[in-house]
Amino acid sequence: MESTQPTGKLLLGFRQIAQEKLQHVFYSIPSEKDLIIESALIKPLEHVCGASWLRKKGIDKIFKFDPKNPPPKRKQFVYFITSSLLTFKSVLDQISGYQSQTSSLMEPDIRTKQYHVLVFPFVLASFEQLLEEEGLHGIVELYNFQWDFLLLDDSILSLELPNVFADVFVRHDTTLLASIAQSVRVFNLVMGKPHLIFSLGENAEKILQMVQRIETSKRVGSAVCKPDEPQAPSKEPAFSTMLIIDRDRDYPACLLTSVVYSGLLVEIQTLNSGFLVVDGESNKIKTGKLAVLREDGPWAAKEASQAASGSGQETSSLRMSGAQDAIYLEHKYRHFSEVISMLSAQAKTLGLEGKAYSREMKLNEMKDYVTNKLPKVAAAKRELFKHLRLCETIVEEIGGNFEKHQMIEESILTNTNRKQIMNYIMELLSSDAHRYNTLRLMCLYHVTIGLVPEDMTKLMMGYLNAFGYGNLTVFHNLYQAKLFPDTTNLSKTKILSQISIPTLKTPFQLEANKLKQLPTDTTTVEATASGNAGQRENILIGAGEGTAARAGKACPSYVFNGNYIPLITQLTSMIFGASSFDNLNARLGHLERLKVSGRALSSIAEPRPIKELAASSHKTTLNQLLPFREKTMFVFVVGGITYAEIAACHLLERTIGAKIVLSSDRIIAGHDLIQSAVH
């Protein structure tokens with residue numbers, strides 16, 4: 001694995017590229033300036049540069065953008081905002097306010113513009129039009145800025161692009177795919193274009209087509225400028241393969257409830273660019289519940305939220321990075337049942353360590369302890385307290401009903417006990433309704449089994465009765481993302497409801513069984529099936545050495561308590577396990593939408609299916625590549641990736657001795673996916 005070790009240093013190069021882009025913008029604006037930044041961009045920008053770096057580049061003061069409270073105008077302003085038309089309108093309103101305060105006799109000097117707007121990831125065409133309408137053209141300068149990949153943790157990259165799932169999968173607006181394509185091209189420049197690039201899904205394919213067009217136009221442009229200059233030989237790629245996959249190709253990996261510590265953290269608290277909110281007063285479960293069903297009641301909940309907003313000290317953040325947090329590094333991919341007992345043991349050890357140095361100490365020993373060791377112990381206690389506080393929230397909000405919920409999820413995956421599944425969801429809607437997680441279970445039901453009109457109507461009525469009929473559009477949005485049936489056509493045949501349910505194999509199950517993603521399915525001949533038989537007790541809280549915890553050491557399905565293996569993990573495993581391209585065709589040739597391109601197929605204009613390539617003249621070249629000498633892969637999920645998928649891939653990485661770097665537009669939980677679709 002020596003050849004893969006420099007990959008970590010190469011990944012840090014994306015930060016330097018982002019700094020160069022930002023520096024270029026700042027240097028193009030002469031003299032000192034103040035930066036006004038949208039709050040959603042503060043945390044991501046911390047991965048690119050700090051306040052001291054900004055000051056060296058000519059930024060004097062930094063303000064958080066507030067439409068109602070503009071900062072005092074002292075010098076040039078640089079606004080840094082997302083490509084939202086509403087946000088841009090608020091910025092222009094502020095600028096108009098500043099302009100009205102200046103003397104009307106003074107003509108603005110267009111050569112030295114006082115207002116600059118930096119837009120992430122790019123300036124929309126509507127921005128220019130709005131600038132004209134507001135009468136600010138020639139006064140405001142617009143700039144594009146995109147930081148490409150941010151390194152959030154070891155082998156985890158993110159573009160931190162807002163609203164990709166909602167735009168691409170719900171609204172079917174593919175504008176943001178161009179931004180992803182630009183970043184993939186930068187990846188190819190930094191890392192070298194992989195020998196084989198696999199794409200699964202129409203959006204993944206569109207991204208690769210855009211990358212190819214960009215690279216072709218750049219080559220043509222450079223050839224025109226320097227026709228006599230020989231082309232530089234392309235370097236050997238740092239990653240032998242790349243996999244780009246659409247989120248809708250594997251919804252279960254996002255909709256199922258993970259038992260991994262990092263996955264459960266994101267289930268209960270908000271994640272922003274690797275920073276997790278630690279808030280004792282509020283969390284995703286509490287705020288999503290129907291107000292009348294909350295234990296503290298709607299009025300107490302309102303008071304608590306007001307108190308939390310009034311005191312900034314209540315809310316802190318946890319950096320979900322192993323390099324920044326040793327406790328997180330040790331436990332991030334563990335089964336949650338193990339984490340609780342291990343954190344308790346660490347708390348006792350820290351308590352004893354705090355007392356050990358205070359007995360029978362000499363003066364110089366006391367001085368050394370107070371100066372060097374006491375601050376470290378205090379800091380370790382603060383970090384441990386955050387984790388214990390989060391664990392307590394997980395147990396309080398999820399633990400009580402977790403075992404039954406896992407059994408229902410298994411029944412959904414294996415298509416058994418439909419009546420029990422329906423009764424469970426209806427019971428949730430009447431006694432423990434959650435705005436997003438209840439929908440999430442319905443969507444999992446539809447994606448894996450398929451909702452018949454009778455059940456669909458029943459679930460919709462239950463949800464609308466709980467949350468109000470103003471939520472009727474919710475189901476249309478879910479339908480657009482292929483998460484729910486078409487609600488406009490309720491006259492479909494009810495044949496499915498008359499078939500013997502236990503023997504029925506749904507399309508999802510047939511596909512998942514071919515790829516061996518269901519260890520718990522009785523028809524799947526897997527060695528892991530027998531090891532998962534006794535995983536029904538102590539699965540969230542209890543003995544860390546239970547069957548579920550032990551099973552996690554062997555099979556990636558441990559991330560979902562032995563019920564399911566994420567698709568990206570199985571595809572990666574099968575690609576690396578293929579002895580030849582013919583063997584890969586035998587394993588994955590049935591996936592017509594899985595297409596291949598890359599450096600080894602540079603003569604092919606469009607990505608092609610595996611089966612087609614296996615029967616083409618390229619077969620000899622492809623057979624020479626497999627099996628891969630260097631098991632290195634870059635995975636990108638369009639529409640969000642989960643910590644369960646990351647944990648499963650990193651377990652596979654350790655098992656087969658590979659290097660797998662995972663990336664997406666953002667890291668999400670099932671709650672976030674449904675929330676973005678709903679809104």
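I began with Leu350, which is buried at a relative accessible area of 12%. Buried stands for under 20% relative accessible area, exposed for over 50% and partly exposed for what lies in between, with a 1.4 Å probe and protein chains only.

Before going on, I noted that this is a predicted model, where local features need pLDDT of at least 70, side-chain atom pairs count only at pLDDT 80 or more, and totals for chains, interfaces and linings use all residues. Residues are numbered from 1 along each chain as its sequence is written, and side-chain values use heavy atoms, with hydrogens and water left out.

**Around Leu350**

I placed Leu350 in helix H15 (residues 336–356). Helices (H or I, at least four residues) and strands (E, at least two) are DSSP runs, numbered from the N terminus. I then looked up what Leu350 touches. Leaving aside neighbours within four places in sequence, Leu350 contacts Val377, Ala380, Lys381 and Leu384; contact means heavy atoms within 4.5 Å. I also checked Ala378, 28 residues away along the chain from Leu350. Their C-alpha atoms are 9.1 Å apart.

**The sheet**

Next I traced an open sheet of 5 strands, in the order S2-S1-S3-S4-S5, with parallel pairing. Two strands pair if DSSP finds at least two bridges between them. Strands S2 (59–64) and S5 (140–144) are at the edges with a single partner strand each, so one side of each has no neighbour in the sheet. From one strand to the next, the twist averages 20 degrees. I found 4 bridges between S1 (residues 33–37) and S2, which run parallel. Leu35 has Ile62 as its bridge partner in S2. Helix H2 (residues 13–27) packs on this sheet and touches S1, S2, S3 (76–82), S4 (115–120) and S5. The direction of H2 makes about 165 degrees with that of S4. Axes are lines fitted to C-alpha atoms, for helices over the stretch in contact, and angles run from 0 to 180 degrees between N-to-C directions.

**Backbone exceptions**

Most residues other than glycine have a negative phi, and most peptide bonds are trans. I looked for departures.

A cis peptide bond joins Phe120 and Pro121, with omega about -5 degrees. Pro121 sits in the loop between S4 and helix H6 (125–133). Leu626 and Pro627 are also joined by a cis peptide bond. I found Pro627 in the loop between helix H29 (619–625) and strand S15 (632–638).

Glu160 has a positive phi, near 50 degrees. Glu160 is buried, at 14% relative accessible area. Lys482, not a glycine, has a positive phi of about 65 degrees. Lys482 is partly exposed, at 46%.
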